[in-house]
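Work through the exercises below with the sequence and the coordinates at hand. Each task is followed by a worked solution.

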Amino acid sequence: MKLRSAEMLKRFALSLILLLGLVGAPQLAHAQGGSVSETFSSQEIVDRGHEFFGSVAQGLASLVERAVSQYGLPNAYILGDEAGGAIFAGARYGEGTMYTRNQGEHPLFWQGPSIGFDIGGDGSKVMMLVYNLNSVSNVYGRYPGVDGSAYVVGGLGMTVMSYGDVVMVPIRSGVGARLGVNVGYLNFTQTPTWNPF
């Protein structure tokens, strides 16, 4: 009976997250001229990540290579900071800058709820690889995903999220204590907000 209840809770949580992600229309940016077409090489991403993460970036090259082998070369990336916490239900907030080769730099904010078997709090430096971004305005929207975290004090972790054709691969270096698995989404916006939905 316990197994069936856990499975029903998991299905309910997934349905809720998908419904919330589909109901909210993406926030559109002001029109950006041109397309985001040129990509970044693996070495450029690894070099920038080492500068950004510092001494904790030992496993960064293998994570970047794994992402590149699955999704190709990114045509944008995001560097930023985020914080989150959960006691089964939680929220995550972050801010950073998106870098593109031919459309410049753009400030970004993200926030989102989560639900699952997850407890604790963390603060992270985040590098997000962005794939299939046709224009800067396409980054804004809700990206559902499943996040499994098992780091205490420090470590690197990678997840995958998508919204339409755009794929995001967040690589996090966390400090804190957070253990568990959750489902949720991140909503990318042009301005900060405390509303995680």
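**Exercise 1: a tilted pair**

At 1% relative accessibility, Y131 counts as buried, where buried means under 20% relative accessible area, exposed over 50% and partly exposed in between (1.4 Å probe, protein chains only). The model is predicted, with local features needing pLDDT of at least 70 and side-chain atom pairs pLDDT 80 or more, while totals for chains, interfaces and linings use all residues. Residues are numbered from 1 along each chain as its sequence is written, and side-chain values use heavy atoms, without hydrogens and water.

Task: classify the ring pair of Y71 and Y131 and locate its two members.

Solution. 
1. A pair of aromatic rings is described by the distance of the centres and the angle of the planes.
2. Rings of Phe, Tyr and Trp (its six-membered ring) pair if their centres lie within 6.5 Å; planes under 30 degrees apart count as stacked, over 60 as edge-to-face and the rest as tilted.
3. For Y71 and Y131 the centres are 5.6 Å apart and the planes stand at 40°, so the pair is tilted.
4. Y71 belongs to helix α3 (residues 60-71) and Y131 to strand β2, so the contact ties together parts 60 residues apart in sequence. Helices (H or I, at least four residues) and strands (E, at least two) are DSSP runs, numbered from the N terminus.
5. Y71, at 33% relative accessibility, is partly exposed.

**Exercise 2: charges over rings**

Task: which ring faces lie under R48 and K125?

Solution. 
1. The criterion is NZ of Lys or CZ of Arg within 6 Å of the ring centre and within 35 degrees of the ring normal.
2. R48 lies over the face of Y99, 4.8 Å from the ring centre.
3. K125 lies over the face of F52, at 4.4 Å from the ring centre.
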